[in-house]
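Welcome! Have the sequence and the model at hand, and try each exercise before reading its solution.

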Amino acid sequence: MLLIVSLLACGSPDYSNGDASAGASVYASACESCHGADGAAGVAVDGVAAADLQFETSDQTDDELADVILNGAGAMPAQTLTDTETADCIAYMRQTFTGTDTGDTAEIGG
Ligand code: HEC
C-alpha cells in the first residue's frame with residue numbers, strides 16, 4: 001500500500017478516461033490468456049490461480065488496477081502497456097466485469 005501511495009504522489013496519469021472498445025483488444029492480447037474472456041478463467045502462475053476479475057474490477061480503483069497491470073501483483077507478472085492502453089483496458093473491464101466482491105476471492109494486501 002505504501003508503494004501505491006508513493007506512486008500516486010509522483011503524479012500518476014489519469015486512468016479513468018479510457019475507451020472501452022479499444023480496451024477490448026488490449027484485454028484480449030494482454031490479459032485473456034490468463035484471466036479468460038469472462039475474467040474468471042483463473043489460469044495458475046507459480047501455483048497461484050489468476051484472480052477472478054468479475055470481483056477484482058469492482059473492488060479496486062482505477063489507480064489500483066493500473067498499478068496491478070503495470071507493476072504486477074503477487075504471482076501476476078507486470079504487463080508492458082502504455083498509459084492509454086492501460087486506461088482503455090480498465091474501461092473495458094469496468095464495462096464487462098460487473099460482479100461484486102463476495103469476499104471469497106483471494107486478495108493481495110487486503
Ligand atoms: C501470465 C498470466 C497473467 C496475465 C497475462 C495477466 N494476469 Fe492478472 N493475475 C494473474 C495471477 C496469477 C493473479 C493472482 C496473483 C496472486 O494472487 O498472487 C492475477 C491477479 C490480477 C488482479 C488482482 C490483483 C490483486 O490486487 O489482488 C488483477 C486486477 C489482474 N490480475 C488484472 C489483470 C489485467 C487487467 C491483465 C492484462 C492487462 C492481467 N491481469 C494479465 C495472472 C495474469
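**Exercise 1. Find the buried residues of H5.**

Step 1. The buried residues of H5 are Leu65, Ala66, Asp67 and Ile69. A residue is buried if 20 or more other C-beta atoms lie within 10 Å of its own, exposed if 12 or fewer, and partly exposed in between, with C-beta atoms placed from the backbone. Helices (H or I, at least four residues) and strands (E, at least two) are DSSP runs, numbered from the N terminus.

Step 2. A word on the source: this is a predicted model, in which local features need pLDDT of at least 70 and side-chain atom pairs count only at pLDDT 80 or more, while totals for chains, interfaces and linings use all residues. Residues are numbered from 1 along each chain as its sequence is written.

Step 3. Just after H5, look at Gly72, which takes a positive phi of about 80°.

Step 4. Of its 110 residues, 26% count as buried.

**Exercise 2. Describe the largest nonpolar core.**

Step 1. A nonpolar core is a set of buried Ala, Val, Leu, Ile, Met, Phe, Trp, Tyr and Cys residues joined through C-beta atoms within 7 Å. The largest one here has 16 residues, and those with the most contacts inside it are Tyr27, Ala66, Cys89, Ile90, Tyr92 and Met93.

Step 2. Helix H2 (20–30), H5 and helix H6 (83–96) are the elements that each give two or more residues to this core. The largest share, six residues, comes from H6.

Step 3. Now pick Ile90. Leaving aside neighbours within four places in sequence, Ile90 is in contact (C-beta atoms, placed from the backbone, within 7 Å) with Tyr15, Gly18, Asp62, Leu65 and Ala66.

**Exercise 3. Work out how H2 and H6 are arranged.**

Step 1. The axes of H2 and H6 come within 7 Å and cross at roughly 100°. Axes are lines fitted to C-alpha atoms, for helices over the stretch in contact, and angles run from 0 to 180 degrees between N-to-C directions.

Step 2. Angles of 65 to 115 degrees count as roughly perpendicular, under 35 as roughly parallel, over 145 as roughly antiparallel and the rest as oblique. H2 and H6 are therefore roughly perpendicular to each other.

Step 3. The residues in this contact include Ala20, Gly23 and Tyr27 of H2, and Glu85, Cys89 and Tyr92 of H6. By type, the contact divides into 10 nonpolar, two polar and two charged residues. Here Ala, Val, Leu, Ile, Met, Phe, Trp, Tyr, Cys and Pro count as nonpolar, Asp, Glu, Lys and Arg as charged, and the others, Gly among them, as polar.

**Exercise 4. Explore the surroundings of the ligand.**

Step 1. The ligand is surrounded by 24 residues, and the closest are Cys31, Cys34, Ala51, Gly74 and Met76. A residue counts as near if its C-beta atom, placed from the backbone, lies within 6 Å.

Step 2. Helix H3 (32–35), helix H4 (53–59) and helix H5 (62–71) are the elements that give two or more residues to this shell. The shell divides into 18 nonpolar, four polar and two charged residues.

Step 3. Gly74 sits in the loop between H5 and H6. Gly74 counts as partly exposed because 14 C-beta neighbours lie inside 10 Å.

Terms used: Contact = placed C-beta atoms within 7 Å.
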